Amino acid sequence: MLKLSLKKLDELFAAMAQSQALYIPADNGGQAQYLRWAPGMKMTAALNTVRSAKDFFFPQTEGLVNFKMTGKTIEVIDPRTEAEDFVVFGVRACDARSFSILDKVFLVDPVDTYYQNRREHGTIVTMACRQPEETCFCTSFGIDPTHPEGDAVCWMTDDALYFEAVTPKGEALKEKIASLFEESDDAAVKAQQAETKAVLDRLPLHTFTAEPLGGDVLMKVFDSPSWKSLSEACLGCGTCTFVCPTCQCYDVRDFDTGNGIQRFRCWDSCMYSDFTLMAHGNSRNSQVERFRQRFMHKLVYFPANNDGEYGCVGCGRCLAKCPISMNIVKVAKCLEGELK
Amino acid sequence: MQGMMIARAGELLENGTVTRVLGWQTGEFVYDITPAVFESAEELEKGFVYNSFCGNNLSKYLIQASRKEGKILVFLKPCDTYSFNQLIKEHRIVRENVYIIGIPCDGKTDGEFLKAKGVKGILGIREEGDNFVVDTLYGEKTIAREDALPERCRNCKSKKHMVYDELMGEEGEVLDSHRFDMVEKLEAMTPDERFAFWRSQLSRCIRCNACRNVCPACSCEKCVFDNPQSGIAQKAAADSFEENMFHIIRAFHVAGRCTDCGECSRVCPQNIPLHLLNRKFIKDIDTFYGEYQAGEDTESRAPLTNYTQEDVEPSIVYTRGGNN
Ligand code: SF4
Ligand code: SF4
Ligand code: SF4
Ligand code: SF4
């Protein structure tokens, strides 16, 4: 395991940023957000960013194809450029797991080459959690926040940063920065993990489990009378979907440039009224149906199609950000209560 | 207060005055409260709550709720009553189907706001005199109530209810707030500084539409931005121009109707001070057409939908130098 004094953190960032773009979670307007590192930029003290790290691979808007019209000819232009290599530093365990959930959607046949392109150029350096929030419930999905997944993993103590490469991408990064580090045993990391685990046991949601919804309960849950009251106050805003690291739905739209079309995709939300609007009309006409879709997808449909893996990583963003404080935990607990 | 509210709501359900009660429901944590409809004394006993975290303005829910059968009881804080009146003025709520109990309010905060103040891992909160004592995963923290309140409550415009059928607790007064101080600061900036300020704020927008959907003045059946037929529907801003336009169009559309309830800024996940846009309009309307507070009454003509010979001429833009 490698060790670096926190006094040298800026040097480390500079070294990482030398041959590729580096993004770190930093403060902007009172909120944490991934920003492109530039000398002088400090890491945020917040546990996690408001927007998740999915933006790096699945950005809110992305050009797909352009059509240019000259007279009677239409030229089809691929607007894609090879993504530059980049490192995302400080990704939490929950967000790190979200990438494998997104991979299950975008990297299965037919492969989404836009996503794949970005994925291939990104190196994920994760950061173990020390002070989880009361809204965290990643452990409910088998995630260990004291030892996240990633191309490389870091632990930060009061005075040092510990680094461990995991994948070939992580090893490649390690080679570039190893000269800054010294070799160290893992005693400090072990101690920190034990301390964090004691906190995890005291988290209010640490006994929460989505297990009962993963079984053969689809129609029963779908037909639950509780959807009506659960969704009653929902504003249909889409905040929950946009801050969620695993929400993956998008819309494809055309922008008329006057002499051509720019076709782009942008995040969409199942909470929106035109989400399922098709030529024949809309199959989900009420907020109850739209609301139900979001939770059924994460808790029931996704595990049914992906060997029991849930479409939620317990990051707690929707718990913190929903304007009416309705969220996946309240929904799951209510439905599970009915199944008992 | 909560006990009195539950008891009175129970009575009104019992004696048939109302069939449903619109209030706030407890959640997983002390602060994550959800607006909810209660239909029986048992439901009220089980989940009804009124505390310093009941910030949600319930008025907009009445657009739907008052069109259902039977009368609904709603608890409105002073600032919520302005929204209610404005919705009545716009013929959006069926007044006969609503029974209003006005309740006092001494400011509402939320979990996110406390976290922005450096509190981590909130487990519980006690109110002790002028302080919030927060029990957290990492020890106890005391925050003065004053510091724990967001802008809209620190600059409360009124503790007086504009409409009610029944009042609980003591009635307050319309207050002399400092709500235009920041607008004045923005006005004093150069156009370039002001543009930079707004770009740095609006560039964080993720177009989740929470501000629009929570806004009691945004009550169109179908918003142009959601309507594929409108030609300007958009789910994500393609560039900074579109990003600005969404907010500017929304601010114009609610001008003269926005009661300054502050819900837009409360719900924005990106912490954008949206109220400053609306307050600029309110301040200008006050200056150009005389003092006007949307939601104060249900009958008067609003300045922007009225005509008097004293109205400002468009040339005011030049008189002001086009700078503010
Ligand atoms: S659940 Fe909450 S965040 Fe999601 S759409 Fe409804 S109100 Fe918005
Ligand atoms: S559903 Fe909520 S808690 Fe789960 S991953 Fe999405 S934002 Fe996080
Ligand atoms: S959800 Fe888990 S990994 Fe994510 S921040 Fe919370 S404790 Fe850490
Ligand atoms: S609530 Fe905030 S982030 Fe969402 S659309 Fe409004 S301004 Fe943008």
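Visitor: Which residues are around ligand 1?

Guide: In this predicted model, the shell around ligand 1 contains eight nonpolar, three polar and no charged residues. The residues concerned come from chain A: Cys234(A), Leu235(A), Gly236(A), Cys237(A), Gly238(A), Thr239(A), Cys240(A), Met271(A), Cys322(A), Pro323(A) and Ile324(A).

Visitor: Which elements give two or more residues to the shell around ligand 2?

Guide: Ligand 2 has 13 residues around it, and those that come nearest are Cys244(A), Cys312(A), Cys315(A), Gly316(A) and Cys318(A). Two elements of chain A each give two or more residues to this shell, namely helix H9 (287-305) and helix H10 (317-321).

Visitor: How many residues of the shell around ligand 2 are charged?

Guide: The shell around ligand 2 holds 13 residues. Eight of these are nonpolar and two are polar, and the charged residues number three.

Visitor: Which residue just after H9(A) takes a positive phi?

Guide: The helix in question, H9 of chain A, covers residues 287-305. Just after H9(A), a positive phi of about 50 degrees is taken by Asp307(A).

Visitor: Which residues of chain B lose the most area to chain A?

Guide: The contact between the two chains involves 42 residues of chain B and 52 residues of chain A. The area buried between them is about 3900 Å², and carbon and sulfur atoms give 52% of it. On the chain B side, three residues together account for 18% of what that side buries: Leu137(B), Ile206(B) and Lys235(B).

Visitor: What is the distance between the closest N and O atoms of Glu28(B) and Lys333(A)?

Guide: Side chains of opposite charge can pair when their charged atoms come close. Between chain B and chain A the count is nine salt bridges. Glu28(B) and Lys333(A) form a salt bridge, with their closest N and O atoms apart by 2.8 Å.

Visitor: Which parts does the pair of Asp103(A) and Arg119(A) tie together?

Guide: Over all chains, the whole structure has 45 salt bridges. Asp103(A) forms a salt bridge with Arg119(A), the closest N and O atoms being 2.8 Å apart. Asp103(A) lies in one helix and Arg119(A) in another, so the pair ties together parts 16 residues apart in sequence: helix H2 and helix H3 of chain A.

Visitor: Which residues does a cis peptide bond join?

Guide: The loop between helix H2 (93-106) and helix H3 (113-121) of chain A contains Pro110(A). A cis peptide bond, with omega of about 0 degrees, joins Asp109(A) and Pro110(A).

Note on methods. Residues numbered from 1 in each chain as written. Chains lettered and ligands numbered in written order. Predicted model: local features only at pLDDT ≥ 70, side-chain atom pairs only at ≥ 80, totals over all residues. Heavy atoms only, no water. Near = heavy atom within 4 Å. Helix = DSSP H or I, 4+ residues; strand = E, 2+ residues; numbered from the N terminus. Nonpolar A, V, L, I, M, F, W, Y, C, P; charged D, E, K, R; others polar. Contact = heavy atoms within 4.5 Å. Buried area = accessible area lost by both parts, 1.4 Å probe. Salt bridge = Lys/Arg side-chain N within 4 Å of Asp/Glu carboxyl O.
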